[in-house]
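Student: Hi! Could you walk me through this structure? I'm new to it.

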Amino acid sequence: MPNYRRALIPGGCWFFTVNLLERRESFLVDHITSLREAIAATRQTLHFDIDAFVVLPDHLHAVLTLPPADSDFSTRWRLIKTRFAKALPKQERRSKVRVARNERGIWQRRFWEHLIRDEADYARHVEYCWINPLKHGLVTRVRDWPHSSFHRDVRAGLVPLDWGGEVEMSGEFGERR
């Protein structure tokens with residue numbers, strides 16, 4: 001098993017990107033209820049706070065904070081991914097390697113994480129979550145994307161409903177389409 005270099009800070013806050021294996025699929029929004037249930041079940045088993053979250057058709061971004069004595073975000077993602085995959089019918093293509101390992105062909109094996117370093121870094125990554133559907137051309141206003149913690153934060157009075165305004169975004173932003 002690989003030994004990844006990861007900043008394991010108990011009680012830390014991280015930004016994550018988690019991708020579907022097939023980036024042209026839309027499993028995440030097509031099965032949003034199953035994803036929410038997988039996250040809720042994992043939070044009951046291993047608590048974490050959701051600071052920001054956005055679900056797009058083929059990937060998601062999250063800013064999560066772990067409890068003070070805990071730094072194990074990998075187990076949480078493994079449980080979320082496993083619970084979500086178990087909720088879906090077995091219809092996806094699987095490589096010979098995945099078949100041999102008895103793995104589903106839903107998720108990319110890994111995820112990308114970034115340890116949040118300070119308040120400015122935190123704000124930048126929360127806002128990245130909110131703006132991501134615009135960046136991918138899915139909506140023209142942040143408030144129009146339903147699968148985002150933005151709506152929770154509006155209800156809490158943390159951000160105005162018209163945050164981000166109405167924009168047309170074009171160009172490449174470092175992510176594959």
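Predicted model: local features only at pLDDT ≥ 70, side-chain atom pairs only at ≥ 80, totals over all residues.

Student: Okay, how many residues does the largest nonpolar core have?

Tutor: It has 45 residues. A nonpolar core here is a set of buried Ala, Val, Leu, Ile, Met, Phe, Trp, Tyr and Cys residues joined through side-chain atoms within 4.5 Å. Buried means under 20% relative accessible area, exposed means over 50%, and partly exposed is in between, using a 1.4 Å probe and protein chains only. In soluble globular proteins, nonpolar side chains tend to be buried together.

Student: Which residues have the most contacts inside that core?

Tutor: Those are Leu35, Phe53, Leu60, Trp77, Phe84 and Trp107.

Student: And which elements give two or more residues to the core?

Tutor: The strands are β1 (13-19), β2 (49-55) and β3 (59-65), and the helices are α1 (27-30), α2 (32-45), α3 (73-87) and α5 (119-135). Helices (H or I, at least four residues) and strands (E, at least two) are DSSP runs, numbered from the N terminus.

Student: What does Leu35 touch?

Tutor: Leaving out residues up to four places away in sequence, Leu35 touches Leu28, Val55, Leu60, Ile80, Phe84 and Trp107. Contact means heavy atoms within 4.5 Å.

Student: Let's switch to the strands. Why is β1 described as largely enclosed?

Tutor: Seven of the seven residues of β1 are buried, so the rest of the structure largely encloses this strand. Cys13, Phe15, Thr17 and Asn19 point one way, while Trp14, Phe16 and Val18 point the other way. In a regular strand the side chains alternate between the two faces of the sheet.

Student: Which strands is β1 joined to?

Tutor: Seven bridges join β1 to β3, and these two run antiparallel. Four bridges join β1 to β4 (residues 112-115), also an antiparallel pair. Two strands pair if DSSP finds at least two bridges between them. To find the pairs by eye, look for Thr17 opposite His61 in β3, and for Phe16 with its bridge partner Glu113 in β4.

Student: New topic: what is the volume of the second largest pocket?

Tutor: About 320 Å³. On a 1 Å grid over the protein atoms alone, a pocket is an open set of points where a 1.4 Å probe fits, with protein on both sides within 12 Å along at least five of seven lines; lining residues have an atom within 4 Å of a point. Grid points are joined across faces, edges and corners, and the volume is the space filled by probe spheres set on the points.

Student: Which lining residues are closest to its centre?

Tutor: Of the 16 residues that line this second largest pocket, Arg36, Ile50, Phe53, Ser148 and Ser149 are the closest to its centre. The largest share of the lining, five residues, comes from α2.

Student: Now His147: buried or exposed?

Tutor: His147 counts as buried because its relative accessibility is 16%. His147 lies in the loop between α5 and α6, and its contacts beyond four places in sequence are Val29, Ile32, Arg36, Phe53, Val54 and Val55.

Student: And Arg101, buried or exposed?

Tutor: Arg101 counts as exposed, at 52% relative accessibility. You'll find Arg101 in the loop between α4 (96-100) and β4.

Student: Last one: where is Cys129?

Tutor: Cys129 is in helix α5, and it is buried, with a relative accessible area of 0%. Cys129 and Ala62 are 67 residues apart in sequence, yet their C-alpha atoms are 6.9 Å apart in space.

Definitions and conventions:
Residues numbered from 1 in each chain as written. Heavy atoms only, no water.
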